[in-house]
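User: I am new to this structure and would like to learn how to read its features one at a time. Could you take me through them slowly?

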Amino acid sequence: MKVIIDLSIVPLGVGLSLSQYIAACQEVLKEAGLKTHMHASGTNIEGEWDEVMDAVKQCFEKVHSMGAPRVTASMRLGTRTDKDTSMDYKVDSVREKTDA
């Protein structure tokens with residue numbers, strides 16, 4: 001089953017700057033071959049359920065391996081069974097209805 005998630009990972013106990021941890025997670029997602037779109041508060045990820053969830057687990061493991069004693073995350077998930085959809089499809093569908 002395909003899934004689209006919005007993932008926001010926050011390492012705790014590592015100071016104020018988190019960009020190195022987010023960059024490492026982006027590399028994990030890239031190596032997994034998943035379609036992603038990073039935004040100011042997280043990353044949208046699209047792919048098969050098991051592949052996406054495995055990559056999320058790998059992100060946690062990577063961030064911990066970099067010295068973060070705690071990692072918290074927010075994740076929103078969406079699936080559809082009535083049609084094949086994508087992140088691009090969802091955005092394009094709204095843009096067609098607006099001047100955006």
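Analyst: Helices (H or I, at least four residues) and strands (E, at least two) are DSSP runs, numbered from the N terminus. The model is predicted, so local features need pLDDT of at least 70 and side-chain atom pairs count only at pLDDT 80 or more, while totals for chains, interfaces and linings use all residues. Residues are numbered from 1 along each chain as its sequence is written, and side-chain values use heavy atoms, with hydrogens and water left out.

User: Which residues of α1 are buried, and what covers them?

Analyst: Buried means under 20% relative accessible area, exposed means over 50%, and partly exposed lies in between (1.4 Å probe, protein chains only). In α1 the buried residues are Tyr21, Ala24, Cys25, Gln26, Val28 and Leu29. Their cover, judged by contact (heavy atoms within 4.5 Å), includes β1 (2-12), β2 (35-39), β3 (42-48) and α2 (49-65).

User: What does the side chain of Gln26 make a polar contact with?

Analyst: A polar contact is a pair of N or O atoms within 3.5 Å; within protein, one must be able to donate a hydrogen and the other to accept it, and residues adjacent in sequence count only if both atoms are side-chain atoms. Gln26 counts as buried because its relative accessibility is 17%, and its side chain makes such a contact with the side chain of Thr43 (2.7 Å). Leaving aside neighbours within four places in sequence, Gln26 is in contact with Thr36, Met38 and Thr43.

User: How many salt bridges are there?

Analyst: Side chains of opposite charge can pair when their charged atoms come close. A salt bridge is a side-chain nitrogen of Lys or Arg within 4 Å of a carboxyl oxygen of Asp or Glu, and by this rule the count comes to 5. One of them joins Glu46 and Lys2, with the closest N and O atoms 3.8 Å apart. Glu46 lies in strand β3 and Lys2 in strand β1, so this pair ties together parts that are 44 residues apart in sequence. Glu46 counts as buried at 10% relative accessibility, whereas Lys2, at 30%, counts as partly exposed. Lys2, Glu46 and Asp84 are linked in a network of salt bridges.

User: Which residue forms a salt bridge with Asp6?

Analyst: Asp6 forms a salt bridge with Arg76, the closest N and O atoms being 3.2 Å apart. This pair links distant parts of the chain, since Asp6 is in strand β1 and Arg76 in strand β4, 70 residues apart. Asp6 is buried, with a relative accessible area of 16%, while Arg76 is exposed, with 61%.

User: Which residues form a nonpolar patch on the surface?

Analyst: Patches are made of residues with over 30% relative accessible area and no salt bridge, where like charges are joined within 9 Å and nonpolar side chains (Val, Leu, Ile, Met, Phe, Trp, Tyr) within 5 Å. Accessible areas come from the Shrake-Rupley method with a 1.4 Å probe, and for residues only the protein chains shown count as cover. Here Met1, Trp49, Met75 and Leu77 form the patch, with about 380 Å² of accessible area together. Met75 has its place in strand β4 (residues 70-78), and Met75 is partly exposed, with a relative accessible area of 33%.
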